[in-house]
Amino acid sequence: PLRALPLYAIAVLAFVVTFVFRYNAPEGSFGGLTDDHFFYVTQGWQMLFGELPDRDYFEPGAPLMLVISAALQTLTGRSVWSEYWFCTGAIALGSSVTFVLAARASGSILLGLLAFLFQFSLLPRLYGYPKILVYAVAIAVIWAWLSSPVPRRALVVALVTALAFLLRHDHGAYVGFAFLVALIAITGLAFKERVKQAVLYGVTVLVLLSPYLIYLQINGGIERHFVTTYAWSA
């Protein structure tokens with residue numbers, strides 16, 4: 001087994017390297033953001049003027065990204081910088097988690113570094129931070145459940161699934177599918193226990209998402225939201 005101290009020391013270094021490099025390599029000419037980034041950011045900023053997604057304007061199925069943008073403006077100041085450092089930090093965190101997961105899975109720090117460097121070289125757009133962070137965290141929590149498939153760990157997977165769904169709907173669907181595969185593939189777990197935890201997981205995700213779903217129903221309807229979002233993505 002890998003020693004924890006060097007593993008996590010390198011993970012911290014991976015975070016720092018990624019953050020410093022991305023922070024000093026802006027993508028766009030306006031505050032370091034590309035034009036596509038503002039499609040999400042400005043919708044979040046509109047919330048500060050009293051307008052709400054789905055009620056007052058089209059929301060593309062990424063409500064939590066909009067809420068985060070609005071919250072950053074409130075907490076760290078009304079400027080593009082708040083979005084820039086947050087997205088940079090989220091990508092750096094996802095990269096460091098990827099290193100830890102790859103190193104632990106392979107039993108090799110070198111292979112973990114190669115996985116980190118591969119992901120680093122992709123240079124994802126800053127607004128694409130959920131694509132890096134969500135799946136790294138999802139793999140970690142599903143792996144933890146596979147190591148010890150107890151209900152409380154299934155609840156953690158449900159929480160990550162709900163957050164992934166709110167960051168962008170398809171992220172939640174992919175994480176949910178991954179956990180379904182884990183439920184089917186795991187050995188040594190009785191069928192009754194699999195069903196019990198599947199129900200627990202599904203109900204928990206639904207409960208966590210219920211405030212958002214109720215909000216959608218009040219403001220135009222759930223069906224309209226998903227039909228419109230699907231048409232936009234197509």
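The radius of gyration is taken here over C-alpha atoms, and the rule for a globule is 2.2 Å times the number of residues to the power 0.38. For 234 residues, this rule puts a compact globule near 17 Å, and the protein, at 19 Å, agrees. The model is a predicted one, in which local features need pLDDT of at least 70 and side-chain atom pairs count only at pLDDT 80 or more, whereas totals for chains, interfaces and linings use all residues. Residues are numbered from 1 along each chain as its sequence is written, and side-chain values use heavy atoms, with hydrogens and water left out.

The protein holds 10 helices and zero strands, where helices (H or I, at least four residues) and strands (E, at least two) are DSSP runs numbered from the N terminus. Along the principal axes, the C-alpha atoms fill a box of roughly 50 × 45 × 30 Å.

Buried residues (under 20% relative accessible area with a 1.4 Å probe, protein chains only) make up 42% of the 234 residues. Contacts are counted for heavy atoms within 4.5 Å. Among the contacts with a separation of 6 or more, 72% join residues 24 or more positions apart.

Serine 82 lies in helix 4, which spans residues 80–106. This serine 82 counts as buried because its relative accessibility is 0%. With residues up to four places away in sequence not counted, serine 82 touches Leu72, Gln73, Thr76 and Gly77.

How values were computed
Buried means under 20% relative accessible area, exposed over 50%, partly exposed in between (1.4 Å probe, protein chains only).
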